[in-house]
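Morning, everyone. Today I'll talk about aromatic rings and charges over rings. Here is the model.

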Amino acid sequence: MLKKNIFRKMEKRLIGILFILIGIHMMVEAQDCYYFHEYQCKFPDNTYYINGQSRSALFTYGMTSQFKMVTFGGEDYHISICYQFKIKNIRFRLIEDNEDKTVLFDNAENKYVTEVSFSNNVARRIIIEISVPDEPTAKDRGTPQCVGVLIHSRKTYQEPKNKLGF
Amino acid sequence: MRGILVFFLVSVLIAGGCKTSGRKENSTQRNDSLATQQEKKFQTVYYRFPTPNEVFTFIKSENLAFNPALINPVSNVQKYIDSKSQTIALGVYIADLAYITIFESYNNSLAYYKAIHNLSEKVRITSAYDLEVAKRIEKNLLNLDSLKNISVESYSSMVEFLIMNNRETTLALIAAGAYAECFYIAFNLSGNYSSSNPLVAKIIDLKYAFDNLYSYLEIYSDNQQVKEVAMDMKKLKSLFDKIKEDKTNKTIVRQDKNGNLIFEGGTKLILDEKIYNQIRDEVFVLRQKFI
């Protein structure tokens, strides 16, 4: 009788452990870069709102990828990037999507900073370009890793006109 | 019975493990296919466009009031029977909820949230628009700020879900419905053309957002439903393309005293009354078709 009870308890524990293992297995499978930008990239102060054009993607060493976003006139933007790569010289550029392809910002000229804020006076199409340099000796070379781009925006603050007294 | 359960669980785990080890064995093959995928990704340009919440935040000004006559009645939900019309209508109602929350009409929020929940279940997006939230709205447990946040987060969560599950065609249809509704509301709020009307200027600015949306539709137009919607929007696209671009001013980048960048100048969009009216009329036709 005692032996039967011990066996039942062990059986229950085994079922519990198996459920947990299956759960962990499913979580690892589903991980990918889901919400990577929201968990890993730097947030600006709370006067900004998160912008729905933010995204994350898988990159490998030596890879460049772009996406096109839209900015409105009269708004401020804060863009921050984050990544799983151990190297620090990941380049990000903001390029105006016009005939001239004007480079608006290049972090390679700014010590590879991972965030930038800007005000914008007219609507623009902007290309966000991320480049991960090639590292032939990197141990994790064959593993694709996440890169996130987190975008925030707010209305540009306008000084009130004719402000006198209170 | 327990024995069967244990056997089942062990089998599931072993099957999963086998799948993983199988992957390890084929790691070269997997990396190759990943490399090919990434090469394809590199070649593809990704298009993003502002959400309905961002569109309404952009066009909102103090003198604009909420007009309930502009939103698609929730009673129409039953009308949408096939998956295409349900998905497009989902986008329409998402835009309506964005309009409701940004223009602070709390009373309308619950019905529209429920309509979105119903349609999202029909198109198999269950995680984003949670019924628990609807219950909290019903009990007045949420203020307008939290409602705005929920509207933003739910949309963002839905977009992430669709992208991660390779359902960008569904996202394309939802976005098409949402933009048709955003434009419909925006044109109604702005009224007749006037060059001094600030809302008219903002509608012009939405051209780039529409361009990106249209490019996004084109990328996924190997899907028949997306192809049909892109065809529906083709006339609108050609009208938006008629907006003149004044390229005399080059873009200048300068820095303020805090080190923040300021992007000034650049291409200016010019919209005349004739094109404005043509775009508005086409938006109304499109919206009628979608709802």
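Start in chain B. B:Phe49, B:Tyr179, B:Phe183, B:Phe210, B:Tyr214, B:Tyr216, B:Tyr220 and B:Phe240 make up one aromatic cluster. The rule: rings of Phe, Tyr and Trp (its six-membered ring) pair if their centres lie within 6.5 Å; planes under 30 degrees apart are stacked, over 60 edge-to-face, the rest tilted.

A word on the source. This is a predicted model; local features need pLDDT of at least 70, side-chain atom pairs count only at pLDDT 80 or more, and totals for chains, interfaces and linings use all residues. Residues are numbered from 1 along each chain as its sequence is written, chains are lettered from A and ligands numbered from 1 in the order written, and side-chain values use heavy atoms, without hydrogens and water.

Back to the rings. Over all chains, the count is 24 aromatic pairs. Take A:Tyr35 and A:Tyr39: edge-to-face, 6.4 Å centre to centre, 70 degrees between the planes. Buried or exposed, A:Tyr35? Buried, at 12% relative accessibility. A:Tyr39 is exposed, at 66%. Cut-offs: buried is under 20% relative accessible area, exposed over 50%, partly exposed in between (1.4 Å probe, protein chains only).

Next, B:Phe49 and B:Tyr179. They pair edge-to-face, 5.9 Å centre to centre, with 85 degrees between the planes. The two residues are 130 apart in the chain. B:Phe49 is buried at 10%, and B:Tyr179 is buried at 2%.

Last, charges over rings (NZ of Lys or CZ of Arg within 6 Å of the ring centre and within 35 degrees of the ring normal). A:Arg55 has its charged end over the ring of B:Tyr46, 4.6 Å from the centre. B:Lys60 lies over the face of B:Phe103, 5.9 Å from the ring centre.

Key. Helix = DSSP H or I, 4+ residues; strand = E, 2+ residues; numbered from the N terminus.
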